[in-house]
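Hi everyone, thanks for coming. I'll walk you through one structure today, a few residues and a few helices at a time. Have a look at it first, and then we'll start.

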Amino acid sequence: MDDKKIIFSGVQPSGNLTLGNYLGAIKNWVSLQNDYRCIYAMMDLHTITVRQTPADVRRRTLEVLALYIACGIDPEENILFIQSHNSAHAELAWVLNCYTYMGELQRMTQFKDKSSRHAENINAGLFTYPVLMAADILLYQADYVPVGKDQMQHIEICRDIAQRFNAVYGDVFTVPEGLLPKVGANVMSLQEPTKKMSKSDPNPKAYISMMDDMNVIAKKIKSSVTDSEGVIEYREGDETKAGINNLLTIMSAVTKRSIDDIVKDYAGKGYGDFKNDVAEAVVECIRPIREEYDRIIADKQYLMDICSKGAESARRISQRTLKKVYKKVGFVL
């Protein structure tokens with residue numbers, strides 16, 4: 001292990017990744033890989049809190065991996081693996097469950113949200129998955145976790161669990177910090193721009209999938225919800241401008257230009273011209289990624305080799321933490 005700080009993160013393969021996942025997370029990861037020791041997982045254990053079709057989980061897990069690589073995450077420089085290929089995640093989660101309080105889990109916003117959307121399947125895993133998320137991070141002694149603003153609550157409970165365990169047993173876990181991206185941290189729905197863009201949105205027009213056809217992407221942006229004011233300017237906190245705020249955020253993220261500069265360019269111009277240009281910019285951002293993805297996904301053996309190598313590295317690192325935890329709590333080793 002070198003002296004670089006450690007980053008851990010991952011994405012659930014429970015649906016097609018969106019432009020929001022790319023701009024809010026994966027693009028940021030690519031820029032971090034030269035300065036940090038990065039560990040990225042396909043979080044398949046997390047997917048089953050909601051009922052899944054098994055064949056879809058298997059297919060999407062490899063699709064997520066291929067997309068990571070197509071986006072620029074180098075499998076030679078980073079550890080890429082499938083979460084379920086390292087049993088230490090589930091093992092540490094059980095121990096940490098015993099150091100997490102019911103009240104903490106009941107306060108989690110995503111539990112409340114998912115419970116309301118999946119009332120027929122409010123299972124124990126849905127309730128305790130923030131503990132598994134904490135185990136994911138703490139296993140690797142991660143210093144930082146790249147997250148969107150909506151995930152900061154999970155970082156806080158992870159920090160609370162780590163500090164509680166350390167207070168009892170000494171310096172066992174590194175207490176991680178959330179790492180918010182500077183741009184594109186919160187890409188919103190194209191149809192309900194006060195809500196986050198989500199791959200699980202029942203309205204396919206609300207999100208841009210990285211797997212969408214280029215013409216479909218352009219059409220979705222051109223039909224996105226805006227307002228009747230007709231003025232292209234960014235007003236943070238003004239819900240009436242949420243649609244335009246979102247398109248400006250997206251445009252800024254894909255072009256690497258400041259929102260202020262973009263607003264100046266469109267002074268006096270209408271929404272139609274702006275949407276056309278946003279659509280073109282997004283398509284040109286996604287097109288090369290999709291071309292590389294199509295090449296990578298066709299080579300399943302290459303992907304499985306990366307998974308195998310990554311899981312071996314992940315197990316080697318995480319076993320050091322797990323053995324330390326087991327020894328601290330009194331298990332016979």
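Okay, let's begin with Thr49. Thr49 counts as buried, because its relative accessible area is 8%, and the cut-off for buried is under 20%. Keep in mind as we go that this is a predicted model.

So where does Thr49 sit? You'll find Thr49 in the loop between helix 2, residues 44-47, and helix 3, residues 54-71. Its side chain reaches back to the backbone oxygen of His46, at 3.3 Å. Which residues does Thr49 touch, once we leave aside its neighbours within four places in sequence? The list is Lys114, Asn121, Asn123, Gly125, Leu126 and Tyr129.

Pick Asn123 out of that list. Asn123 is in another loop, the one between helix 6, residues 109-117, and helix 7. The side chain of Asn123 reaches the backbone oxygen of Thr49 at 2.8 Å. A polar atom of the Asn123 side chain also lies 3.0 Å from the backbone nitrogen of Gly125. And Gly125, remember, is one of the residues in contact with Thr49.

Now let's move on to helix 7 and look at how it packs. As a bit of background, two packed helices are described by the angle between their axes and the distance between the axes.

Here are those two numbers for helix 4, residues 88-97, and helix 7, residues 124-138: an angle of about 120 degrees, and axes 8 Å apart. Are they parallel or oblique to each other? The word for this pair is oblique, because an angle of 65 to 115 degrees would be roughly perpendicular and one over 145 would be roughly antiparallel. The crossing of helix 4 and helix 7 is right-handed.

Who meets whom there? From helix 4 we have His89, Ala90, Leu92, Ala93, Leu96 and Asn97, and on the helix 7 side Thr128, Val131, Leu132, Ala134, Ala135, Asp136 and Leu138. Sorted by class, that contact has 9 nonpolar residues, 3 polar and 1 charged.

Let's zoom in on Leu132, which is in helix 7. Is Leu132 buried or exposed? It's buried, because its relative accessible area is 14% and buried means under 20%. Not counting residues up to four places away in sequence, Leu132 touches Leu45, His46, Gln83, His89, Ala90 and Ala93.

Helix 4 has another partner, helix 13, residues 300-329. Their axes come within 10 Å and cross at roughly 30 degrees. That makes helix 4 roughly parallel to helix 13, because angles under 35 degrees count that way. This time the crossing is left-handed. On the helix 4 side we see Ala88, Glu91, Leu92 and Val95, and they meet Ser318, Gln319, Leu322, Val325, Tyr326 and Val329 in helix 13. Those residues divide into 7 nonpolar, 2 polar and 1 charged.

Ile250 is in helix 10, and it counts as buried at 1% relative accessibility. Ile250 touches Leu19, Leu23, Val187, Leu190, Val278 and Val282, again skipping residues up to four places away in sequence. For a sense of distance, Ile250 and Ala279 are 29 residues apart along the chain, and their C-alpha atoms are separated by 9.9 Å.

Met197 is in the loop between strand 5, residues 177-179, and helix 9, residues 214-222. With a relative accessible area of 4%, Met197 is buried. Beyond its neighbours within four places in sequence, its contacts include Thr18, Leu19, Gly20, Val187 and Leu190. Leu19, Val187 and Leu190 were on the Ile250 list, too.

Last stop: backbone angles. Gln141 has a positive phi of about 50 degrees although it isn't a glycine. Gln141 is in the loop between helix 7 and strand 4, residues 144-146. Lys256 also isn't a glycine, and its phi is positive, about 60 degrees. Lys256 lies in the loop between helix 10, residues 242-255, and helix 11, residues 259-265. Lys256 is exposed, because its relative accessible area is 73% and exposed means over 50%.

How values were computed
Residues numbered from 1 in each chain as written. Predicted model: local features only at pLDDT ≥ 70, side-chain atom pairs only at ≥ 80, totals over all residues. Heavy atoms only, no water. Axes fitted to C-alpha atoms, helices over the stretch in contact; angles between N-to-C directions. Helix = DSSP H or I, 4+ residues; strand = E, 2+ residues; numbered from the N terminus. Left-handed = near helix turned anticlockwise from the far one by under 90°. Contact = heavy atoms within 4.5 Å. Nonpolar A, V, L, I, M, F, W, Y, C, P; charged D, E, K, R; others polar. Buried < 20%, exposed > 50% of the residue type's maximum accessible area, 1.4 Å probe, protein only. Polar contact = N/O pair within 3.5 Å; in protein donor to acceptor, adjacent residues only side chain to side chain.
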